[in-house]
Amino acid sequence: MSWNPFNRLSASPKRTVISKTVEKDFERECTKLAQLDESTKKLYKDMRKCTEAVAALSKCESKLGQDLVSSCQGEDMLRNEAEAVGATTAKLEGFSQELNTNSQKTVIEPMKRFTNIFPQANSAIRKREQSLQEYSRQQLKVEKLQEKERTGPNIVKLEQGKKALSAAKDDFEAQNSTLMEEMPQFYDGRIDYFQPCFEALLKSQVAYHSNVYKVLCELASDLGADADPPPDHQYNADLQKQLSDMKALSIVLED
């Protein structure tokens, strides 16, 4: 939605029939809604990016498990370990799918429904603006009639103009009063709307990471990994030694 409730139509009179305080208060509420609209859209887009990232990570992990199994054919010990890794990545994929499903239900869909309200609010704001323009036009019309000579026809037109002015004023004040009452209510209601969404998302993420931690610990135990892994420098040194030994084999020696 292109939110710009303060654009005045070209035909709008330059003068206004309402006080600066009334217009300032109204613009303040409009600005708050505009900021809320923008923030909600960003949250919706960012949450979708998060689910896409989780799905991409899950796909890579699953592919890694499959590649490990394929590369360890013919070696029983390595194949068994690779199959254990593959089984674990399959579980991780299920956890990721569950997390994304919960993210969709708890944040993405609620945010989308929330943003769909703003076009309706913007429509009400534009109607209020149109009503204000009509109010201003009728006021200007009456003032011009009051300046004319008080002939019979002019007096009739003036009375008609005053009735039209009164109707335009009542219409504007009714719309303005409704908006000034409901816009703050809508803005304050965001807390009650968002809070259960974020709480549900947080619980879903806690469950996801707890499950991931559990299955990875089980995998580490199955593979005989040390409870306390060696320091990084020792790990790198051991890895480099293994690589040097492999490079010393005749099949990889440089001519």
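Student: In which helix is Glu199 found, and why is this residue called partly exposed?

Tutor: Glu199 is found in helix α4. Its relative accessible area is 35%. Buried means under 20% relative accessible area, exposed over 50%, and partly exposed in between, with a 1.4 Å probe and protein chains only. Because its value is 35%, Glu199 is partly exposed. The model is a predicted one, in which local features need pLDDT of at least 70 and side-chain atom pairs count only at pLDDT 80 or more, while totals for chains, interfaces and linings use all residues. Residues are numbered from 1 along each chain as its sequence is written, and side-chain values use heavy atoms, leaving out hydrogens and water.

Student: How far apart are Glu199 and Thr106 in sequence and in space?

Tutor: The two residues are 93 residues apart in sequence, and their C-alpha atoms are 8.8 Å apart in space.

Student: How do you know how α3 and α4 are oriented to each other?

Tutor: The axes of α3 (residues 118-147) and α4 come within 8 Å and cross at roughly 155 degrees. Axes are lines fitted to C-alpha atoms, for helices over the stretch in contact, and angles run from 0 to 180 degrees between N-to-C directions. Angles under 35 degrees count as roughly parallel, over 145 as roughly antiparallel, 65 to 115 as roughly perpendicular, and the rest as oblique. The two helices are therefore roughly antiparallel to each other. The residues of their contact divide into 15 nonpolar, seven polar and seven charged. Here Ala, Val, Leu, Ile, Met, Phe, Trp, Tyr, Cys and Pro count as nonpolar, Asp, Glu, Lys and Arg as charged, and the others, Gly among them, as polar.

Student: Is the crossing of α3 and α4 left-handed or right-handed?

Tutor: α3 passes α4 in a left-handed crossing. A crossing is left-handed if the near helix is turned anticlockwise from the far one by less than a right angle, and right-handed if clockwise.

Student: What is the relation of α2 to α4?

Tutor: The axes of α2 (residues 76-115) and α4 come within 10 Å and cross at roughly 180 degrees. α2 and α4 are therefore roughly antiparallel to each other. Their contact has 20 nonpolar, eight polar and four charged residues.

Student: And how are α1 and α2 arranged?

Tutor: These helices pack at an angle of about 165 degrees, with their axes 9 Å apart, and are therefore roughly antiparallel to each other. The crossing of α1 and α2 is left-handed. Their contact comprises 16 nonpolar, eleven polar and six charged residues.

Student: Why is Thr51 called buried, and which residues does Thr51 contact?

Tutor: Thr51 lies in helix α1 (residues 20-71). Its relative accessible area is 13%, so Thr51 is buried. Contact means heavy atoms within 4.5 Å. Leaving aside neighbours within four places in sequence, Thr51 is in contact with Asn100, Ser103 and Ile108.

Student: Asn176 and Ser177 both lie in helix α4. Is Asn176 buried or exposed, and what of Ser177?

Tutor: Asn176 has 12% relative accessibility and so counts as buried. Not counting residues up to four places away in sequence, Asn176 touches Val22, Phe26 and Arg128. Ser177, at 45%, counts as partly exposed.

Student: What makes Phe118 count as buried?

Tutor: Phe118, in helix α3, has 0% relative accessibility and therefore counts as buried. Its C-alpha atom is separated by 8.2 Å from that of Leu33, 85 residues apart along the chain.

Student: What share of the protein chain counts as buried?

Tutor: Of its 255 residues, 28% count as buried.

Definitions and conventions:
Helix = DSSP H or I, 4+ residues; strand = E, 2+ residues; numbered from the N terminus.
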